Amino acid sequence: MGMTMTQKILAAHANLKEVHAGQLIQAKLDLVLANDITAPVSINEFERAGFNKVFDKSKIVFVMDHFTPNKDIKSAAQCKQCRIFARKFELEKFYDVGEMGIEHALLPEKGLVAPGEAVIGADSHTCTYGALNAFSTGVGSTDLGAAMAVGYTWFKVPEAIKIKITGHKRKFVSGKDVILYLIGLIGVDGARYQSLEFCGDISQLTMADRFTICNMAIEAGAKNGIFPCDDLTREYLKNRVNRDYKEITADADAEYAREIELNLDEIDCTVAWPHLPENAKPASDKSSKEIKIDQVVIGSCTNGRIEDMQAAAEIFKGRHLAKDVRGIIIPATQEIYRECMKRGYVEIFLDAGCVFSTPTCGPCLGGHMGCLAAGERCVSTTNRNFVGRMGDISSEVYLASPAVAAASGIAGHIEHPANLK
Amino acid sequence: MAQAHKYGDNIDTDVIIPARYLASQDHKELASHCMEDIDKDFHAKIKDGDIIVAGLNFGCGSSREHAPVAIKASGISCVIAKSFARIFYRNAINIGLAILECPEASEKIDDKDIIEIDFNTGVITNKTKNETYQAEPFPEFIKNMIDKGGLMASLKEK
């Protein structure tokens, strides 16, 4: 019986010829990741279990990105704990303030993930790296702490949903619209325990689109999302990944639980309304104009890449935020920050009345740098719009692409970019 | 005397323990804020041994282990749901919070019903309604892990 991309990667890492959906396996890991929120819990578990060495100091990544630069004394203590552990065990990939970025933008940028590899991270959006034809998924801190010590973990081999891409992307439409549309279609548990395997005419989707799509696979409950390799993937990996890697394709006779065709011709700019990512509506929906907003946030592991900054800059150029709307723009990494300066985007954002921040997860999870007060509304390019996610429990988050968030900031309500004067 | 506390579908980790409290690793402090965004009385009303009964996709969202930790530290002895999000499922097992998938129990148990659970058989008894429901028992490998005292303990044994 044939295997999906995910099943092939898992089989190779479990040293098995073949695996099937539902099988429990133990798989070797190429990389394990934690951040300033989850690493401290992993470290505690690691130490409490009495481990005194890590499996490979070159394969453990700590990124200080959630509450950094530290928002308060407690979060500073958490980073300090990570720093001490990283020094003690000589972790080669410890990214502190100054060189850190938001983890899921940073790892691909640094060439830490390649096709065919298996990665776990103590962060649910670890599934982002499927865009690079890797298997990657989120786990908790105890799983991660154990993996830091032994370099392997157990998995239940997932069955898959095959998502076939057809048609052409419309103007202003991006990967964010595609994934919000898909989650709207299948629901927040539509892919629970399964992998989302993308195929078809993927050349329509940029690498940034694919990162965004795989990033939000978890919001459909998926274990992972994964794309095959094409010329865009190879171009992205060039000059980033120097080691050998093996591109993974699905077998022609692989079995899928379900097949869905996503015709890009039918997908317009999409907004997910509170309080679930599945509440997707077209940005041009009549009710959108009634949603007056207080803030827009453009950034995060979902949409903080240079393509996202570009999409926002193109909308903001020569325009200004509506009165009483705050605009917060957060490039995901230092490299993206620098590129925004070179291209003149920072100037455009500042002229438009926005702030331009150092990389941080900050407002996405209501940490800092833009929490919402009671009753406030935000159009955000982040990934979750749960109750209280960005601040007060009566605040509201509307998930959208950078183009829609920028257009909404200018209009003062949810707005399709095509409707701007 | 375990009392049931009933919630709906898609109870996410942001309401189980809001991110604004994640700078703390103190179990008691986490417990004091557990579920507060959808049920501000949660911490006050839970007695040791009580259970949570919920619908589909319990624990969806973030990978924060603080979520099952906060529930366990609140005194909750078991979460019964129609289904669980996968990271939460792993985390609960790893930290030793009992969880049972049982759609029938999830539908029939009402808020404040008195519940008894036999973890060896997976039989859930509703004392208030005089009914029993059969939960899916844990797969063998998970039983082994729990018998050995969780993930870390089972690794150390090797």
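## Where chain A meets chain B

In this predicted model, 49 residues of chain A are in contact with 39 residues of chain B. The two chains bury about 3,700 Å² between them. Carbon and sulfur atoms account for 57% of that area. On the chain A side, the residues that lose the most area to chain B are A:Thr142, A:Trp154 and A:Tyr193. Together they make up 17% of what that side buries.

The salt bridges between chain A and chain B number 3. B:Arg90 and A:Asp143 meet in a salt bridge through their side chains, at 2.7 Å from N to O. Several elements of chain A each supply at least two residues of the side that touches chain B. The helices are α2 (39-48), α3 (73-88) and α5 (141-150). The strands are β1 (24-28), β6 (135-138) and β7 (152-156).

## Two domains in chain A

Chain A is divided into domain 1, residues 5-263, and domain 2, residues 272-419. Their centres, taken over C-alpha atoms, are 24 Å apart. In domain 1, 35 residues are in contact with 38 residues of domain 2. The two domains of chain A bury about 2,800 Å² between them, with 63% of it on carbon and sulfur atoms. A:Ile102, A:Phe172 and A:Lys176 lose the most area on the domain 1 side. Together they give 23% of what that side buries.

Across this domain interface there are 19 residue pairs in polar contact, with both residues at pLDDT 80 or more. There is 1 salt bridge across it. Helices α4 (103-109), α6 (175-186) and α7 (207-215) of chain A each supply at least two residues of the domain 1 side that touches domain 2. Helix α6(A) gives the most to that side, with 5 residues.

## The five-stranded sheet

One open sheet of chain A holds 5 strands, in the order β4-β3-β2-β5-β6. The pairing is parallel. The edge strands are β4 (93-95) and β6 of chain A, and each pairs on one side only. The twist averages 15 degrees from one strand to the next.

Strand β3 (residues 60-63) of chain A runs parallel to β4(A), and 3 bridges join them. Within β4(A), A:Tyr95 stands opposite A:Val63. Helix α3(A) lies across β2 (31-35), β3 and β4 of chain A. The helix runs at about 155 degrees to β4(A).

## The four-stranded sheet

A second open sheet of chain A has 4 strands, in the order β10-β9-β8-β11, and its pairing is parallel. Strands β10 (224-226) and β11 (258-263) stand at the edges with a single partner strand each, so one side of each is left without a neighbour in the sheet. Neighbouring strands of this sheet are turned by 20 degrees against each other on average, direction ignored.

Strands β8 (residues 160-166) and β9 (residues 195-200) of chain A pair over 6 bridges in the parallel sense. There, A:Ile165 has A:Gly200 in β9(A) as its bridge partner.

A:Val296 has A:Gly327 in β15(A) as its bridge partner. Strand β15(A) also pairs with β16 (residues 355-356) of chain A, in the parallel sense over 2 bridges. Here A:Ile329 stands opposite A:Phe356 in β16(A).

## Salt bridges

Side chains of opposite charge can pair when their charged atoms come close. Over all chains, the structure holds 31 salt bridges. One joins A:Arg170 to A:Asp268, with the closest N and O atoms 3.9 Å apart. This pair links distant parts of the chain, 98 residues apart. A:Arg170 lies in the loop between β8 and α6 of chain A, and A:Asp268 in the loop between β11 and β12 (270-272).

A:Arg384 forms a salt bridge with A:Glu219. Their closest N and O atoms are 3.0 Å apart.

Technical notes: Residues numbered from 1 in each chain as written. Chains lettered and ligands numbered in written order. Predicted model: local features only at pLDDT ≥ 70, side-chain atom pairs only at ≥ 80, totals over all residues. Heavy atoms only, no water. Pairing = 2+ DSSP bridges. Axes fitted to C-alpha atoms, helices over the stretch in contact; angles between N-to-C directions. Domains from an automatic or database assignment. Contact = heavy atoms within 4.5 Å. Buried area = accessible area lost by both parts, 1.4 Å probe. Salt bridge = Lys/Arg side-chain N within 4 Å of Asp/Glu carboxyl O. Polar contact = N/O pair within 3.5 Å; in protein donor to acceptor, adjacent residues only side chain to side chain.
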